[in-house]
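Good morning, everyone. Please look at the model on the screen while I walk through it.

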Amino acid sequence: MSEKLDFRLKSDTIENLKAFSKLLKKDVSWVVEEALDEYFVKVQKELLEKNMADENAMTNLDYDEFWDGVDFDD
């Protein structure tokens with residue numbers, strides 16, 4: 001199911017879309033879909049990597065850091 005969106009693009013982006021559409025012999029919509037699919041994969045990967053790095057930053061403590069301040073004497 002298609003849904004219509006209204007958005008604006010810079011004129012050089014439009015010219016690139018037209019040029020690639022002609023070069024690839026594909027509809028402009030196809031070029032936009034392919035470009036957005038690639039973008040979404042890239043951003044999702046970056047977000048996953050960032051989340052993993054953030055999680056590791058919170059849990060990567062060495063032995064001394066982990067036990068710092070813990071009193072073992074009862």
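Let me start with a definition. A residue is buried under 20% relative accessible area, exposed over 50%, and partly exposed in between. Take glutamate 46. Its relative accessible area is 41%, so it is partly exposed. Keep in mind that this is a predicted model.

Now the overall layout. The protein has 3 helices and 0 strands. Along the sequence, the pattern reads α-α-α. The radius of gyration is 24 Å, well over the 11 Å that the globule rule gives for 74 residues, so the protein is more spread out than a compact globule. The C-alpha trace spans about 75 × 25 × 20 Å along its principal axes. What share of the 74 residues is buried? Buried residues make up 4%. The accessible surface comes to about 7700 Å². Carbon and sulfur atoms account for 56% of that surface.

Next, helix H1, which covers residues 11-24. Serine 21 sits in this helix. Is serine 21 buried or exposed? Its relative accessible area is 11%, and the cut-off for buried is under 20%, so serine 21 is buried. What does serine 21 touch? Leaving out residues up to four places away in sequence, its contacts are Lys26, Asp27, Val28 and Val31. Lysine 26 also comes up in a polar pairing: its backbone oxygen lies 2.3 Å from a polar atom of the serine 21 side chain.

Move on to the loop between H1 and helix H2, where we find lysine 25. Most residues other than glycine have a negative phi. Lysine 25 is not a glycine, yet its phi is positive, about 55°. Lysine 25 has 74% relative accessibility, and exposed means over 50%, so this residue counts as exposed.

Then helix H2, residues 28-59. How many salt bridges does the structure hold? The count is 1. The partners are lysine 42 and glutamate 46, with their closest N and O atoms 3.3 Å apart. Why are these two separated by about one helical turn? Because they are 4 residues apart in helix H2. Lysine 42 is at 47% relative accessibility, so it counts as partly exposed. Glutamate 46, as I said, is partly exposed too, at 41%.

Stay on H2 for tyrosine 39, which lies in that helix. Tyrosine 39 has a relative accessible area of 47%, so it is partly exposed. Now pair tyrosine 39 with lysine 50. They are 11 residues apart in sequence. In space, the distance is 16 Å, C-alpha to C-alpha.

Last stop, helix H3. This helix covers residues 63-67, and phenylalanine 66 is found there. Which residues make the nonpolar surface patch? They are Leu61, Tyr63, Phe66, Trp67, Val70 and Phe72. The patch has an area of about 670 Å².

To recap. We have a predicted model with the pattern α-α-α. Serine 21 is buried, and lysine 25 is exposed. Helix H2 carries the pair lysine 42 and glutamate 46. Phenylalanine 66 belongs to the nonpolar patch. Thank you.

Technical notes: Residues are numbered from 1 along each chain as its sequence is written. This is a predicted model: local features need pLDDT of at least 70, side-chain atom pairs count only at pLDDT 80 or more; totals for chains, interfaces and linings use all residues. Side-chain values use heavy atoms; hydrogens and water are left out. Patches are made of residues with over 30% relative accessible area and no salt bridge: like charges are joined within 9 Å, nonpolar side chains (Val, Leu, Ile, Met, Phe, Trp, Tyr) within 5 Å. Accessible areas come from the Shrake-Rupley method with a 1.4 Å probe; for residues, only the protein chains shown count as cover. A salt bridge is a side-chain nitrogen of Lys or Arg within 4 Å of a carboxyl oxygen of Asp or Glu. Buried means under 20% relative accessible area, exposed over 50%, partly exposed in between (1.4 Å probe, protein chains only). A polar contact is a pair of N or O atoms within 3.5 Å; within protein, one must be able to donate a hydrogen and the other to accept it, and residues adjacent in sequence count only if both atoms are side-chain atoms. Contact means heavy atoms within 4.5 Å. The radius of gyration is taken over C-alpha atoms; the globule rule is 2.2 Å times the number of residues to the power 0.38.
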